[in-house]
Amino acid sequence: MQVEQDKRTFDRFSARFPLKYKHSRNEFGTDVFLRDASAEGLKVATKERLFLHDSVSLEVKLPDSFNPMTLNGQVVWVKSKSPDLWEAGLRFHKINLMEMQRIFKLVAQD
């Protein structure tokens, strides 16, 4: 029996926050939720399909501030969960450990 090894450099943690995104086609999605994150990327659930290689700018609403956190990345995978629900994985263009630490602290408080 062969076990597939996780190749991530940073651990992924569960994080559930609302967000909105803007992708390379200049459209905005608002029915989007952060599902989990790591220092390298994150997973989102959305009612609007994202496409591989889309460049996406995310605004994450966090409870510790009125201003959203902005994260930028590229879509690296997309899965259909149902006819009107998609999950997508994004890899950040630039790793920002301080921003991920902020999200992690908020999740750990729950």
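Asp36 counts as buried, at 13% relative accessibility, where buried means under 20% relative accessible area, exposed over 50%, and partly exposed in between, with a 1.4 Å probe and protein chains only. Please keep in mind that this is a predicted model, in which local features need pLDDT of at least 70 and side-chain atom pairs count only at pLDDT 80 or more, while totals for chains, interfaces and linings use all residues. Residues are numbered from 1 along each chain as its sequence is written, and side-chain values use heavy atoms, with hydrogens and water left out.

The partner of Asp36 is Lys43, in a salt bridge whose closest N and O atoms are 3.9 Å apart; the term requires a side-chain nitrogen of Lys or Arg within 4 Å of a carboxyl oxygen of Asp or Glu. Lys43 itself is partly exposed, with a relative accessible area of 21%.

The search of the whole structure finds two salt bridges, and Arg102 with Asp64 forms one of them, at 2.8 Å from N to O. Arg102 belongs to helix 1 and Asp64 to the loop between strand 4 and strand 5, so this pair ties together parts that are 38 residues apart in sequence; helices (H or I, at least four residues) and strands (E, at least two) are DSSP runs, numbered from the N terminus.
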